[in-house]
Amino acid sequence: MKKELRIKKNKEFQTAFQKGNSFANRQFVVYSLPKEGQDYFRIGLSVSKKIGNAVTRNRIKRYVRQSIFELNEQLASGNDYVIIARKPAAEMDFFEVKKSLTHVLKVGKVLKK
């Protein structure tokens, strides 16, 4: 992922949590925050230590990044997205992660059909 497409600062995460819209399913929680004058979307990932060891957490993050990369044409631009993984995501393979993310993004109406 390019640097300008990532959310890294704690302040930006907190802004998304406080002012953004949230939608969730069993595996993921997604916060969406519309940004004025931004013609691309940015992604922030959060995977807690409760989910597993470093290998497991990094695998989940890789799967989520690749899923977003494949869905980027359908994703609404001009937003910041913060994706939080929940415990069941640790046992999922890539295709299940992509299916689950697609579902939660459709629930939040940020994914074009």
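**Close-up views**

**Asp-80 lies in strand 4.** Strands are DSSP runs of E with at least two residues, helices are runs of H or I with at least four, and both are numbered from the N terminus. The model is predicted, so local features need pLDDT of at least 70 and side-chain atom pairs count only at pLDDT 80 or more, while totals for chains, interfaces and linings use all residues. Residues are numbered from 1 along each chain as its sequence is written, and side-chain values use heavy atoms, leaving out hydrogens and water. Asp-80 has a relative accessibility of 2%, which makes it buried. Buried means under 20% relative accessible area, exposed means over 50%, and partly exposed falls in between (1.4 Å probe, protein chains only). The side chain of Asp-80 makes a polar contact of 2.8 Å with the side chain of Arg-42. Another polar contact, of 3.1 Å, joins the side chains of Asp-80 and Gln-38. A polar contact is a pair of N or O atoms within 3.5 Å; within protein, one atom must be able to donate a hydrogen and the other to accept it, and residues adjacent in sequence count only if both atoms are side-chain atoms. Leaving out residues up to four places away in sequence, Asp-80 touches residues including Ile-7, Tyr-31, Ser-32 and Lys-35. Contact here means heavy atoms within 4.5 Å.

**Strand 4 pairs with strand 2 and with strand 3.** Strands pair if DSSP finds at least two bridges between them. Strand 2 and strand 4 run antiparallel and share 7 bridges. Leu-33 has Asp-80 of strand 4 as its bridge partner. Strand 3 and strand 4 are parallel, with 6 bridges. There, Ile-43 is the bridge partner of Tyr-81 in strand 4. Strand 4 has 7 residues, and 6 of them are buried, so the strand is largely enclosed by the rest of the structure.

**A hairpin joins strand 1 to strand 2.** Strand 1 covers residues 21-24 and strand 2 covers residues 28-34. The two run antiparallel and are joined by 4 bridges. Phe-23 stands opposite Val-30 of strand 2.

**Phe-13, Phe-17 and Tyr-31 form one aromatic cluster.** Rings of Phe, Tyr and Trp (its six-membered ring) pair if their centres lie within 6.5 Å; planes under 30 degrees apart count as stacked, over 60 as edge-to-face and the rest as tilted. By this rule there are 5 aromatic pairs. One of them is the tilted pair of Phe-13 and Phe-17, with 6.4 Å from centre to centre and 50 degrees between the planes. Both residues lie in helix 1 (residues 10-19), 4 residues apart, about one turn of the helix. Phe-17 is partly exposed, at 28%.

**The rings of Phe-41 and Tyr-81 form an edge-to-face pair.** Their centres are 6.2 Å apart and their planes stand at 65 degrees, so the pair counts as edge-to-face. The pair links distant parts of the chain, 40 residues apart. Phe-41 sits in the loop between strand 2 and strand 3 (42-47), and Tyr-81 in strand 4 (residues 79-85). Phe-41 is buried, with a relative accessible area of 11%. Tyr-81 is also buried, at 1%.

**Lys-109 has a positive phi of about 55 degrees.** Lys-109 is not a glycine. Most residues other than glycine have a negative phi. Lys-109 is found in the segment after helix 3 (94-107). At a relative accessible area of 75%, Lys-109 is exposed.

Along the sequence, their pattern is α-β-β-β-α-β-α. The radius of gyration is 13 Å, close to the 13 Å of the globule rule for 113 residues, so the chain is as compact as a globular protein of that length. This radius is taken over C-alpha atoms, and the rule is 2.2 Å times the number of residues to the power 0.38. Of the 113 residues, 42% count as buried. Among contacts between residues at least 6 apart in sequence, 81% join residues at least 24 apart. The mean pLDDT is 91, and 98% of the residues reach 70 or more. This score is the predictor's confidence in each residue, from 0 to 100. Among the elements, strand 1 has the lowest mean pLDDT (92) and strand 3 the highest (94).
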